Amino acid sequence: MNEQDLYAAIGEDGFTRLIAAFYRRIPQDDILGPMYEHHDLTGAEQRLRDFLLFRFGGVPRYLEERGHPRLRMRHARFPIGQAARDRWIELMDAALAETGLPAEAHQTLRSFFDSTATFLMNRAGD
Ligand code: HEM
């Protein structure tokens, strides 16, 4: 499925359920939990969800509220090595499995997350 068809396939509801399932896993995670510890998790959930809605052609609320994503800059203060990157993907995989999106949408999202997470790495090693 190409990226343009993704939003039509899962809608705002699909993104909302996926990101809620992802953030439910964050607080108890030994690597990611501490990174998000001082953040407002409800707000963080909303920011990631809104970013994805905007990125895949839904409402542009993210852009209105946060401006241009500049994701690498916004992740610069978090140490993202291989272990953090892989764990983020692992939790997202579990969230994808739980949410039960159509298989093709699942694939498209999975490869988008995979490459974006790699792009956000900012240190070698763990
Ligand atoms: C690679 C591992 C990653 C780690 C460790 C990580 C960690 C974090 C943390 C700790 C925050 C702050 C939470 C908040 O208050 O908003 C954040 C924000 C955010 N992350 Fe990540 N992240 C990762 C990957 C990703 C990926 C793959 C995406 C996109 C698909 C993403 C998109 C975002 C967005 C949109 C925000 C909010 C930015 C803002 O508007 O301030 N992150 N991330």
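What follows is a look at the ligand in this predicted model and the pocket around it. Residues are numbered from 1 along each chain as its sequence is written. Local features need pLDDT of at least 70 and side-chain atom pairs count only at pLDDT 80 or more, while totals for chains, interfaces and linings use all residues, and side-chain values use heavy atoms, with hydrogens and water left out.

The iron atom of the ligand gets a single donor from the protein: NE2 of His75, 2.0 Å away. Donors here are N, O and S atoms within 2.8 Å of the metal (3.2 Å for Na, K and Ca), and sites may look incomplete because water is not among the atoms. His75 sits in helix α5, residues 71-75; helices are DSSP runs (H or I, at least four residues) numbered from the N terminus.

Around the ligand there are 22 residues, with His39, Arg47, Tyr62, Arg66 and His75 coming nearest; to be near, a residue needs a heavy atom within 4 Å. By class, this shell holds 15 nonpolar, three polar and four charged residues. Nonpolar means Ala, Val, Leu, Ile, Met, Phe, Trp, Tyr, Cys and Pro, charged means Asp, Glu, Lys and Arg, and the others, Gly among them, are polar. In the side chain of Arg66, an N or O atom is 2.7 Å from an oxygen atom of the ligand. For Trp88, a side-chain N or O atom lies 3.4 Å from a ligand nitrogen atom.

As for the space itself, the ligand takes up the largest pocket, which holds about 720 Å³. Its lining counts 26 residues (each with an atom within 4 Å of a grid point), and Tyr23, Tyr36, Leu71, His75 and Phe78 lie nearest the centre. Helix α3 gives the most to this lining, with five residues.

Definitions and conventions
Helix = DSSP H or I, 4+ residues; strand = E, 2+ residues; numbered from the N terminus. Polar contact = N/O pair within 3.5 Å; in protein donor to acceptor, adjacent residues only side chain to side chain. 1 Å grid on protein atoms, 1.4 Å probe; cavity = no way out; pocket = protein on both sides within 12 Å on 5 of 7 lines; lining within 4 Å. Sits in = over half its atoms within 2 Å of the grid points. Points joined across faces, edges and corners; volume = space filled by probe spheres on them.
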